[in-house]
Amino acid sequence: MTTAGAPPRTTYSVCSICDIGCQVRAEAEDGRLARILPHDNPFLARNICFKGTAAPQVHGHPDRLRTPLKRVGEWGADRWEEITHEQAIAEIAERLTATIDRYGPESWAVSTSGWNTQTAHGLDRRLMNLVGSPNWISGVAMCAGNTAAVNRLTYGWFPFPDLMSTNCIVLFGHNPRKHSWTPVHHLIEAARARGATVIVLDPRVSEQAERADLHLRLRAGTDAAMCLGWLKVIFDEGLHDRDFVRDWCVGVDELRARVDEYPLERVEAITGVDRELIAAAARAYATADGAVIPWTPVTDQQICSTSAIRLHSILRAVTGNLDVVGGEQLLAPHPGWVPEAELQLHDAITPEQRAKQLGYDTHPAYTYRTAEMLTGPMERVWGVRWMDQVMGCHMANPSEVFRAMDTGDPYPVKAFFAIGNNALLSYPNQHRVHRALRGQDLVVVQDLFMTPTAMLADYVLPGDAFSERPHVADTWGWGNRLALSEQVVDPGGEIRSTFALWRDLAHAMGHGERFPWATVEDVLDERLAPSGTTFAEFSATRIMDAPAPSFRKYRRTGFATPTGKVELRSSVLARLGFDPLPYFREGPAPDDRFPYRVFTGVREDPFFQTGQRNVGVLRRRSPSPKFFVHPDDAERDGLVDGQWARLETSTGAVVAKVSIRDSMLPGHLRVPHGWWYPELRGSAELAGAFVSSDAVLCPDDDEHLDLEQGTPHFKGFPGRLVPVDPPAGMSPITLEG
């Protein structure tokens, strides 16, 4: 790494400004990150976006947290005392232990983000499991992690699309662009260039939809009905892989009976898409020589998300696109790498404590309750009992956690940690989350910046960034490629990695013998031990490592399900008391009072989730939040492009500017995710956290939650839009960086 006065140095890095993890080069000068450069591997060189190139402005921002802070003012008053890391850990350990002694270990909840805290290596779950708390949550409960957990119900794994060889790509609402999901965008463009068919299902005329071979403008929240319609065509016309279905699937007759409940005229009525177009898309997908349905951040955020995700997995299976070239690959764990789940010590927490996990009884699809049913099949096929893909397979339910924090039902939750996670703006029903945080005896935040969530904490700890730590990225257990990320600069001062936080807290709480590592490199050495190498040797000899692909592995091992086959009818869901077959469930409908179908959680290119609003070079690309509406809707409601408006739902109201777009489907209203105003810190409550945040809008009552997961219905809940004057204090931004 470089220090002040040292000559320039360039290293290989995995960017974690967003969740994609692009491989780049990081260049340091005079002890600071100076620039991000394209990778010198031609295949990887294009995978860089303007968020990634802004890393120097992010990592070196003048507002970066660099010293632990202890609250000294009134709760939420944003007044702090600087303390040392050692004092912070000692006091946090003392207060956390007191809370656990009084209320039980289940009274401690932790919310994390794996994208910006990559050096945890499962040690957060390790300490929680040793203490006895099952209440670990993450935004992946609504984004990829839940999809990973639900895919396992069908065939025991979360597959990875072979975009390099596929001949058909189906995008359910997903819109990869040059500066968002950049590698996926380039792979799709390469597939198009070699003649692959691209099918887009999206209410919007998105960038991907504009260039699609087929665009199905389905009504928001109707993905499951569309998939059932596709299966109706595929089965009726004999387009399924008969041999694979006969030999490797169970529940075929039951599934076909369910599918017969969805003739195309019914699917047309539900989705708003012409039945002939539905049939054409189904045929194009089923008859392609290798087709993929990549993960989408849309299908996993709906009121029948579990069924829709399962239907994607079923479509892959019955069309013969599972673990084949050009289809969806079941990538086994890297043989030379210890999966994170092995370090998490899930067998250390007792079954009685696992059963206290919030959501275990009510919405168990991604909780310990389901994972317990799959430990045998997982070990038989993959060699790991508690395999955790995308961190999403042993979680508590976030809505249940915040409800318990708010009401004490079914038991009190009184200590809350947010690690690299702006929790206040990251989950539905933001007002409940706010009340929940106010009721805690202890709130600890580790982050790069003072977020609205951090302003509610008792202790705020400065976290490190990707240029400041060594790492080996493993696609969060989803893929099996190991990518090198070297430390290029010293973070300096009191900044600590997430690894150091959990190691030091474990030692302070009496669990030091189970945390024997002195450095992050020690953990990396242990994880690389099966390959017979160390991190130093790995970084000296390679930039990535991946085993040669193999296909149709199920012929040797079967599938990691209770039956050993693809479960079109899920035996796990049946045992849990849910419908074992996929279905469509209608969300709350618009009415005269709330005429719009609101869909939220949409990323803007300059930002990732709630981050980067304080980074001038990115914020100037999108200075203000916008509501996107169709011209007909704008005319009806008296809205003018560029004016401010208030969006109201049953849960709350926020304001933003109106952007009138022909690309919107009439009756639909798109809201970008994660807005707050760092420039308003000190002049507005929690830096404007309630002014424009989409998390204010989405309800989390049972009527708006997926049954099996408890996932909120972000895609299509009712709302209304009314013109308003610009809110006070919204002067032109003058942010640094």
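Predicted model: local features only at pLDDT ≥ 70, side-chain atom pairs only at ≥ 80, totals over all residues.

Helix H11 covers residues 264-271 and helix H12 covers residues 275-287; their axes come within 9 Å and cross at roughly 105°. H11 and H12 are therefore roughly perpendicular to each other. On the H11 side, the contact is made by Leu264, Glu265, Val267, Glu268 and Thr271. H12 contributes Arg275, Ile278 and Ala279. Sorted by class, that contact has 4 nonpolar, 1 polar and 3 charged residues.

The second pair is helix H17, residues 398-407, with helix H18, residues 430-438. Here the axes come within 8 Å and the crossing is at roughly 50°. H17 and H18 are therefore oblique to each other, and their crossing is left-handed. From H17, the residues involved are Phe402, Arg403, Met405, Asp406 and Thr407. They meet Arg432, Val433, Arg435, Ala436 and Leu437 of H18. By class, the contact between H17 and H18 has 5 nonpolar, 1 polar and 4 charged residues.

Next, burial. Which residues of helix H5 are buried? The list is Gly145, Asn146, Thr147, Ala148, Ala149, Val150, Asn151, Arg152, Leu153, Thr154 and Tyr155. That is 11 of the 11 residues in the helix, so H5 is largely enclosed by the rest of the structure. What covers these buried residues includes helix H13 (305-318), helix H16 (368-382), strand S20 (566-567) and helix H23 (571-576). Just after H5 comes Gly156, which takes a positive phi of about 80°.

Thr561 sits in the loop between helix H22 (554-557) and S20. Is Thr561 buried or exposed? Thr561 is buried, because its relative accessible area is 0%, and the cut-off for buried is under 20%. Setting aside neighbours within four places in sequence, Thr561 is in contact with Arg152, Leu153, Thr154, Tyr155 and Gly156, and also with Pro377, Arg380 and Glu567. Of these, Arg152, Leu153, Thr154 and Tyr155 are among the buried residues of H5.

Helix H19, residues 498-508, has 9 of its 11 residues buried, so H19 too is largely enclosed by the rest of the structure. The buried ones are Thr498, Phe499, Ala500, Leu501, Trp502, Arg503, Asp504, Leu505 and Ala506. H19 is followed by Gly510, with a positive phi near 90°.

Finally, the chain as a whole. The protein chain has 25 helices and 26 strands. Its C-alpha trace spans about 70 × 65 × 55 Å along the principal axes. How does the radius of gyration fit, and what would a compact globule have? For 737 residues, a compact globule would have a radius of gyration near 27 Å; the protein chain has 24 Å, which agrees. Buried residues make up 66% of the 737 residues. As for contacts with a separation of 6 or more, 76% of them are accounted for by residues 24 or more positions apart.

That is what I have; I will take questions now.

Conventions:
Residues numbered from 1 in each chain as written. Heavy atoms only, no water. Buried < 20%, exposed > 50% of the residue type's maximum accessible area, 1.4 Å probe, protein only. Helix = DSSP H or I, 4+ residues; strand = E, 2+ residues; numbered from the N terminus. Contact = heavy atoms within 4.5 Å. Axes fitted to C-alpha atoms, helices over the stretch in contact; angles between N-to-C directions. Parallel < 35°, antiparallel > 145°, perpendicular 65-115°, else oblique. Nonpolar A, V, L, I, M, F, W, Y, C, P; charged D, E, K, R; others polar. Left-handed = near helix turned anticlockwise from the far one by under 90°. Rg over C-alpha atoms; globule rule 2.2 N^0.38 Å.
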